[in-house]
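Let's take a walk through this structure together. Have a look at the picture first, and then we'll go through it piece by piece.

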Amino acid sequence: MIVVGGVTRLTDSGLSIVEWQPIVGTMPPITQQDWDVLLEKYRATPQYQQVNKGMSVDEFKSIFWWEYFHRVLGRLIGLVFFVPFVYFLVKKQIDRPLGIKLAGIFVLGGLQGFMGWYMVMSGLVNDPHVSQYRLTAHLGLAFVIFAAMFWVALGLLSPHREYSPANDKLQGLRRFSFSLSSLIFIMVLSGGFVAGIRAGLAYNTFPLMNGHVIPPDLFILEPWYRNFFDNITTVQFDHRLIAWILAFSVPIFWLKSRTVELQGTTRLACNLFLLMLAVQISLGIATLLHAVPIPLGASHQGGAVLLFAASLWVSHRLSLVTSTQSHGSTWLKNVIWGCIAVSMLFGLIYGVTTTGANPIGVPVIVGIGALLYFIPGFVATSRKHPNQTAIVILNIVAGWTFLGWVVALVWASLRIKPEDSQTAA
Ligand code: HEM
């Protein structure tokens with residue numbers, strides 16, 4: 001799905017369908033009249049008028065099918081997810097924590113459909129390009145959904161803890177691997193901006209950027225922070241810089257992993273992670289040097305998924321080795337952190353897409369607000385409260401009424417009987 005999305009963007013097909021009809025839009029055009037109607041609608045768009053004027057029906061078909069395939073695949077994934085989910089739920093083969101996680105993933109999938117349309121909308125007015133912010137949000141959410149599904153799947157495939165001799169280095173290694181997964185996610189967002197403003201079509205040399213280690217026009221836009229999102233030079237420089245950081249830190253991680261006693265599967269995951277980094281960096285450089293041909297651009301996007309997957313696999317294996325916390329409180333805390341991250345992402349989108357709003361200030365304020373909002377949830381999970389799931393749900397659903405927030409906080413702070421706390425752990 002992510003690779004098809006990449007090809008849709010690389011072939012400039014994304015703006016060929018100008019309506020969002022989740023149910024009716026699944027039917028493909030069949031008759032000549034269907035095609036005429038679709039092309040007529042496309043003719044009204046700025047992309048047709050400024051870029052593709054005079055496009056024939058046959059040419060239109062070539063861009064239409066990619067966008068159509070991308071949308072139908074999205075709906076198919078939703079269906080293939082939803083029907084077995086309901087079936088296993090009815091058969092009571094899914095326990096409550098897993099059910100909540102899967103329901104959350106399904107909601108994120110729906111949100112992604114909407115996010116895709118929100119992105120397309122930005123390319124249907126005046127400028128025939130989609131906003132790089134919305135493109136990055138759409139790409140980022142795709143990786144969040146992938147990470148959530150992959151993590152749940154890993155948990156189901158290897159549910160047992162891996163016990164290893166007590167080793168101080170394990171905890172550090174685990175933190176290191178989580179940091180690398182986060183950095184790869186940031187790298188993906190950075191790649192979204194590179195693709196979004198077509199920064200891959202400039203500075204097609206490596207390792208220098210047209211003869212410079214640090215190009216001179218990094219901060220030509222005002223205010224300064226716009227350069228990170230709107231300046232082709234800065235956006236590409238950042239992508240290279242993070243690639244260099246990864247190029248050094250992943251091998252250091254791998255070397256460190258060699259000094260710890262690990263099981264075969266965990267060791268295999270570490271080796272694949274290193275290998276995938278080399279593949280992805282090579283693909284990135286090749287994509288740049290050839291000024292983004294479609295097969296390389298698409299492979300680089302697919303490579304990002306595989307690299308992210310490899311890093312998550314390593315993180316998951318290491319969390320099995322070292323985790324001493326209860327399963328319940330860990331995943332609940334992840335839910336809370338996920339909510340905070342999503343609120344900040346929306347704050348960022350609001351900040352950068354709304355004139356007059358501060359793109360740094362809005363997400364920071366939203367983040368602080370979200371941290372305060374989730375105090376009851378944090379108290380409940382930290383104390384391993386026997387009703388922590390219910391408290392977190394109350395916090396999420398009714399916290400905004402303030403009364404709900406107070407009730408959740410009081411509930412989370414109530415005294416826990418020792419035997420209850422043991423059951424929760
Ligand atoms: C180290 C890990 C890397 C990751 C995880 C990564 C990830 C990404 C992602 C997700 C994108 C957006 C989607 C796409 O591929 O088009 C992207 C775009 C891009 N990346 Fe990377 N990248 C990495 C390294 C590199 C390196 C080392 C270079 C070259 C120096 C590079 C050059 C590019 C270019 C030119 C694009 C724009 C492609 C386009 O317009 O479609 N990347 N990257």
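A residue is near a molecule if its C-beta atom, placed from the backbone, lies within 6 Å of it. Keep that in mind, and also that this is a predicted model.

Now to the ligand. The shell around the ligand holds 28 residues, and those that come nearest are Gly191, Gly200, Ala243, Gly284 and Gln301. Two or more residues each come from α1 (2-10), α7 (168-196), α9 (232-258), α10 (264-289) and α11 (294-322). Which element gives the most to this shell? That's α7, with seven residues. Sort the shell by class and you get 15 nonpolar, eleven polar and two charged residues.

Next, step back to the domains. The protein is split into domain 1 (1-129), domain 2 (161-324) and domain 3 (329-425). Taken over C-alpha atoms, the centres of domain 1 and domain 2 are 28 Å apart. Where these two touch, seven residues come from domain 1 and seven residues from domain 2. On the domain 1 side of that contact, four residues are nonpolar, two are polar and one is charged.

Finally, find helix α14 (residues 375-382) and helix α15 (residues 388-398). Their axes come within 8 Å and cross at roughly 170 degrees. Angles over 145 degrees count as roughly antiparallel, so that is how α14 and α15 lie to each other. On the α14 side, the contact is made by Pro376, Gly377, Ala380 and Thr381, while α15 brings Gln388, Ile391, Val392 and Asn395. Between them, these contact residues divide into four nonpolar and four polar, with no charged ones.

How values were computed
Residues numbered from 1 in each chain as written. Predicted model: local features only at pLDDT ≥ 70, side-chain atom pairs only at ≥ 80, totals over all residues. Helix = DSSP H or I, 4+ residues; strand = E, 2+ residues; numbered from the N terminus. Nonpolar A, V, L, I, M, F, W, Y, C, P; charged D, E, K, R; others polar. Axes fitted to C-alpha atoms, helices over the stretch in contact; angles between N-to-C directions. Parallel < 35°, antiparallel > 145°, perpendicular 65-115°, else oblique. Domains from an automatic or database assignment.
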